[in-house]
Amino acid sequence: MVETKKLLRALAGEVQDVPPIWMMRQAGRYLPEYRATRAQAGDFLSLCYNPELAAEVTLQPIRRYGFDAAILFADILLVPQALGADLWFVTGEGPRLSTITQPSEFEALKPVSDIHETLSPIYETVRILSRELPAETTLIGFAGAPWTVATYMIAGRGTPDQGPAHALREGDTALFEALLDRITAATIEYLSAQIEAGAEVVKIFDSWAGSLKGEAFQKYAVEPCRVITQAIKARHPGIPVIGFPREAGEGYVGFAGATGVDCVALDNSVSLDWAVEHVQVDGCIQGNLASSHMVTGGQALVDETRRIVDAFSNGPHIFNLGHGITPDADPENVQLMIDTVRSR
Ligand code: 1CP
């Protein structure tokens, strides 16, 4: 069968005049319809675990804008919760988790085989979406990369420099590596279950990869992503994987080859010419408009969007932001970005 979905064609290496487009955090607080559904659910976690409402917020940006892909509405921190960590969100501040800095806390975690008990509503969301999405829209499942998930499990919250995770990595390497292995195994099962429920692509978000340097980047960003990607490909041949080692800098070079991912997502610190020469040579790339343009809009948004599309036009490319859209973004700027990409 000839593949008709634009996103899957890009992931298979096809160069298209108009690249497929979607946006990180496309279901989110910048949209009034998202805020209304979230209020109906009560709070963020209740929204994640309510399959009908989670499917509804996933579909909202598809209806409004006709993106080429929908990303499952969930969060990377559901995996720690499924492994037995306490998780809650403090309004205006962000996530909080029970911490893991001692062997006894690690030993109290649940086995990987227990995660589906907590995560089964997420698979139901995927099933609803694979029935309801338009035929041309690709459904993306996702999980956090082990390092990024571990930074939250160790610190109990988001941290500017991932200091507590680095301290454990250096202070009790065996415990740190045991935790990473547990998350890696859980992530393989979680992503596999999403694929079995209907996800057509999976993305691994390593938001804090940039704070790992040198050998640590190889061991704790590249290697877990390779293990997960290889396991997914062994179990589900033909399912493409997108890797996002955010702010990896030089670490982007060779990342696709070393891990086996089909596409590397770029943050917006990466310059276009450099990315063409050093990353797109290995295959599909995704990105990388600065999300601040979704707040400021105007001619600068149009110019920068065109510059990106043109720079990446000789290889496979998925248009996206360099990081998630922020709550203060103007929904009309999203439309302007899409119109600019599609009027090429
Ligand atoms: O109040 C709200 O409505 C919560 C805001 C929010 C949203 C919309 C959070 C809390 N998570 C999400 C959804 C989400 N998170 C998705 C859904 C799909 C999409 O539309 O993109 C995805 C893919 C994520 C992934 C995620 N969660 C990441 C990786 C990507 C990234 O942004 O770097 C991370 C680091 C998280 C943790 C998290 N969840 C929420 C917040 C505010 C944070 C960051 C916390 C911090 O570091 O302080």
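I will start with the model itself, then take the ligand and its pocket.

This is a predicted model, in which local features need pLDDT of at least 70 and side-chain atom pairs count only at pLDDT 80 or more, while totals for chains, interfaces and linings use all residues. Residues are numbered from 1 along each chain as its sequence is written, and side-chain values use heavy atoms, with hydrogens and water left out.

Around the ligand there are 22 residues, where near means a heavy atom within 4 Å. The closest are R25, Y34, R38, Y152 and S207. By class, 14 are nonpolar, four polar and four charged; Ala, Val, Leu, Ile, Met, Phe, Trp, Tyr, Cys and Pro count as nonpolar, Asp, Glu, Lys and Arg as charged, and the others, Gly among them, as polar.

Now the polar contacts, meaning pairs of N or O atoms within 3.5 Å. A polar side-chain atom of Y34 is 2.5 Å from a ligand oxygen. For R25, a polar backbone atom lies 2.7 Å from an oxygen of the ligand. The protein buries 88% of the 890 Å² that the ligand exposes when taken alone (Shrake-Rupley, 1.4 Å probe).

Which residues lie nearest the centre of the largest pocket? They are R25, R29, F44, D75 and F89, out of 43 lining residues. A pocket here is an open set of points on a 1 Å grid over the protein atoms alone, where a 1.4 Å probe fits, with protein on both sides within 12 Å along at least five of seven lines; lining residues have an atom within 4 Å of a point.

Key:
Polar contact = N/O pair within 3.5 Å; in protein donor to acceptor, adjacent residues only side chain to side chain.
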